[in-house]
Amino acid sequence: MVYGAVAGMTRSLDDPYTSFFTPEESKMLEDDISGSFSGIGAEIGFKKGALTVIAPLKGSPAEETGLFSGDKILKIDDTFTQDLSLEEAVRKIRGEKGTIVSLTVFRDGFSEAKEFKIKRDTIKIPTVEWEKKNGDIAYIKMHNFIGNIDAEFKRTAREIIAGNTKKIILDLRDNPGGF
C-alpha cells in the first residue's frame, strides 16, 4: 500500500522525469546504469502519449531487426501499451537472453502497424565512440550519459588531444540522456 501511495503521489506531479521505483525497479535501474542487461537494445520513452523508440542501440537486436528512432510501439506481445507505465513496458520488453518478444509498431510511412519479432540478447550499452575524419577532425558520438561516462569521455579527450586534431564534432543526436 505504501508503494502504491508513493507511486500515486509521484504520478500526480505529471512530470515525465519524476518516478517512484520499487526495489525490483530500482534493481533494473542499477542494471541500466551498469551498462549491461538482457533485452532488445532500444531506448524507449513516451512522446505525445505514445510509447516510442527513442533510439535503437548500435549493433543491438532492435537495430538489426529494423526498429527506428520515432517508431511507436502499440503492443508488447499481447499487451497494448497505452495503459502501461514506462517501467512496466521496459519489464515486458526485457527478458531472458534467447527468448522472443513481439512488438507491434507503427511508423510514419506505414499504411498499418507491423509486427517485429525480436530475439533478446545481452545488451552492452555503448557510451562514447570516436574516429578521425579527413585526417584532422575528431568525430565523437556520445550515446548516453550513464555508467562511467565522465571517465570514458576524459580518456577519449586525452586520445584526441594527443593526436593531430584541429577540429572536434560532438554528436549528441538520439542520446536519451542519463545521470
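This report describes the fold, the strand pairing and the side-chain contacts of one predicted protein model.

Because the model is predicted, local features need pLDDT of at least 70 and side-chain atom pairs count only at pLDDT 80 or more, while totals for chains, interfaces and linings use all residues. Residues are numbered from 1 along each chain as its sequence is written, and side-chain values use heavy atoms, with hydrogens and water left out.

**Overall picture**

The secondary structure comes to 5 helices and 11 strands, where helices (H or I, at least four residues) and strands (E, at least two) are DSSP runs numbered from the N terminus. Taken along the principal axes, the C-alpha atoms fill a box of roughly 60 × 40 × 30 Å. Of the 179 residues in the protein, 35% are buried; buried means under 20% relative accessible area, exposed means over 50%, and partly exposed lies in between, with a 1.4 Å probe and protein chains only. Ala-7 in helix H1 is buried, with a relative accessible area of 15%, and its C-alpha atom is separated by 35 Å from that of Glu-112, 105 residues apart along the chain.

**Strand E6 and its partners**

Strand E6 (residues 100–106) has 5 of its 7 residues buried, so it is largely enclosed by the rest of the structure. Two strands are taken to pair if DSSP finds at least two bridges between them. Strand E4 (residues 72–76) runs antiparallel to E6 and is joined to it by 4 bridges, with Lys-75 standing opposite Thr-104 in E6. Strand E7 (residues 114–119) also pairs with E6 in the antiparallel sense, over 6 bridges, and Ser-102 has Lys-117 in E7 as its bridge partner.

**Salt bridges**

The structure holds 8 salt bridges, each being a side-chain nitrogen of Lys or Arg within 4 Å of a carboxyl oxygen of Asp or Glu.

Asp-121 is partly exposed, with a relative accessible area of 32%, whereas Lys-97 counts as exposed at 52%. Glu-159 and Arg-155, being 4 residues apart in helix H5 (residues 149–162), are separated by about one helical turn; Glu-159 is partly exposed at 37% relative accessible area, and Arg-155 is partly exposed at 39%. Salt bridges that share partners join Lys-141, Asp-171 and Arg-173 into one network.

**Charges over rings**

A charge sits over a ring if NZ of Lys or CZ of Arg is within 6 Å of the ring centre and within 35 degrees of the ring normal. The charged end of Lys-75 sits over the ring of Phe-80, 5.2 Å from its centre, and the charged end of Lys-133 sits over the ring of Tyr-139, 5.3 Å from its centre.
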